[in-house]
Amino acid sequence: MDLIDDDGATNTPEYTVSELSGAVKRTIEGEFGFVRVKGEVGRVSRPRSGHVYLDLKDDRAVIAGVMWKGVAARLQTQPEEGMEVVATGRLTTFPGQSKYQIVIDDIRPAGMGALMAMLEKRKAALQAEGLFDPARKKKLPYLPDIIGVVTSPSGAVIRDILHRLRDRFPRKVLIWPVAVQGAACAPEVARAIAGFNALGPGGALPRPDLIIVARGGGSVEDLWGFNEEVVARAAANSTIPLISAVGHETDTTLIDFVSDMRAPTPTAAAELAVPVRMELLSFVAEAGARMTRAMGQRLEMRGQRLRDLSRALPRPEDLVEGPRQRLDVLGDRLPGALRRMVDRQRLRLSEQAGSLRPSVLRRAIAAEQARMADRASRLSPALTRRVQAERQGFDRLAARLTLRAAMREMQAGRDRLATLSRRLDEAQRARVTGLRGTLEALDRLRETLGYRETLRRGYAVVRGDGQVVTTRGQAEAAHGLEIEFADGRLKLGGGGARKPAKPAKPPEQGSLF
Amino acid sequence: MSETAVSEMSFEQAMAELEQVVGQLERGDVALEESIKLYERGAELRKRCDQKLKEAEEKVAAITLDAEGTPTGTKPVEGL
């Protein structure tokens, strides 16, 4: 039973966690006590402690690494992210976190190729920023008073610089001591350049007018600090003109691209920094001598000319004699000439005065007045004539301009109208007269033809009961008869009174009834 | 010709003007009055140059730094 149910049915020993961790630690540290590993640097962090933490990686794996402060300071090339490196060290484990890491004793670029590729990349970036622009380069002072040198305080470089300065033109030199290789190099150099620039004119330390950053020859790794970006940027930001002199003539580091002047060697930097004093002294002496000589020659020349001119000046007596003689002669002639002159003028005056009588003037005035009066008298009529002429012209035009034609037309119309109306009247009158004549004639005719006229000739009209009676029967039947004569009517029989029916009837007939 | 006060000139300026003054005097094409003024200015310039050239003293000092790398002062450097 026990044998079957026992779940620990193996002979594997049982560890505690610590035991296992300890075993792993021993195994790893024993097996990998000294390794060289090649890889790419990953993330790098540098806390204030001074230790450096970084990752080493390739395309599949990562190993954490640590570099203690002392080791980091000794390094010639500081590891940077992306750099291909070979690291030497040992593996340790970190049991508290189940981790392992490599403790790096040395780390260097994996061959020159890796280093140079990195430098080229950096250079291109800075160039793109315009840090190498020739327009940024400042002119070096001709004769700086104070030269700041950023270099190692001991060694051949500062000595070479000072010697050459002494030969040419001794100057005040301020040395800013820096490490010229190793990890401290780049930050110290950058700080020194910025530090010189930070010095004010009135500060405790004098501000240099020129900076030389110098280092002797060495391997590429030795000079690497001067390839660091922080150094290049500090040099580019320097307002003090800066000469770089790093390594030998054939070595070029990043600072050379941003410095205002690159010197092939530290000695050459000193030569670029100052002129040769002796040459200047002799120039100044020579200039002084030339100036004095030129001035002397000039004065001498003028002095000579003055002497020559003064020799050529005649004696004052010679100048005066001739004129004096002429003066005497003329002085003698003067009174007579004056008299003659007066006589001549008087003669001219009398000649002129003769013709200058008032009458002449008066005549002239009178003539002019007459002319003027004549003109004046002609002036007004002329104007009047002119006005008249113009007015006539105007009137003519105005007359032509009036409604004369229309008036004439109207008058003619009116005349015709009168004529016509007269003719109309006459015609009408004639017609009326004619008609009246006709009417009278007709009336006369009517009268003539009427029965009344017949009455005058002795005929009468008999009416019975209002009707004209033309027959005897009618007259007998009538109740009464009325006979009309030319001078009136006569009734016969009152309501039946018999009357002769006709005047033409024989009266005996009437007497029968 | 600039009229900067000679005493304020840098060595380079003073030298350049001195050269000019000498040239003018040598050409001799200035009036006498003017040439006297030029000569006087030239003498001043020369004095200025000489003075700047006499200031050729060597003094070498190294900056002392504290632990932080901040400059604290200078100490003379000798024997280099």
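The model is predicted.

Helix 1 of chain B spans residues 11-27, and helix 2 of chain B spans residues 32-54. The two helices pack at an angle of about 145°. Their axes lie 9 Å apart. The crossing of helix 1 of chain B with helix 2 of chain B is left-handed. Helix 1 contributes B:Phe11, B:Ala14, B:Met15, B:Glu17, B:Leu18, B:Val21, B:Gln24 and B:Leu25 to the contact. On the side of helix 2, the contacting residues include B:Leu38, B:Tyr39, B:Leu45, B:Cys49 and B:Leu53. Charged residues of helix 2 also take part, among them B:Arg41, B:Arg48 and B:Lys52. By class, this helix contact has 11 nonpolar, three polar and five charged residues.

The disulfide count over all chains is zero.

Chain B and chain A bury about 3700 Å² between them. Carbon and sulfur atoms give 66% of that area. In chain B, the most area is lost to chain A by B:Leu53, B:Ile63 and B:Leu80. Together these three residues account for 19% of what the chain B side buries. The contact takes 42 residues from chain B and 38 residues from chain A.

Terms used: Residues are numbered from 1 along each chain as its sequence is written. Chains are lettered from A and ligands numbered from 1 in the order in which they are written. This is a predicted model: local features need pLDDT of at least 70, side-chain atom pairs count only at pLDDT 80 or more; totals for chains, interfaces and linings use all residues. Side-chain values use heavy atoms; hydrogens and water are left out. Axes are lines fitted to C-alpha atoms, for helices over the stretch in contact, and angles run from 0 to 180 degrees between N-to-C directions. Helices (H or I, at least four residues) and strands (E, at least two) are DSSP runs, numbered from the N terminus. A crossing is left-handed if the near helix is turned anticlockwise from the far one by less than a right angle, and right-handed if clockwise. Contact means heavy atoms within 4.5 Å. A disulfide is a pair of cysteine sulfur atoms within 2.5 Å. Buried area is the accessible area (1.4 Å probe) that two parts lose on being put together, summed over both.
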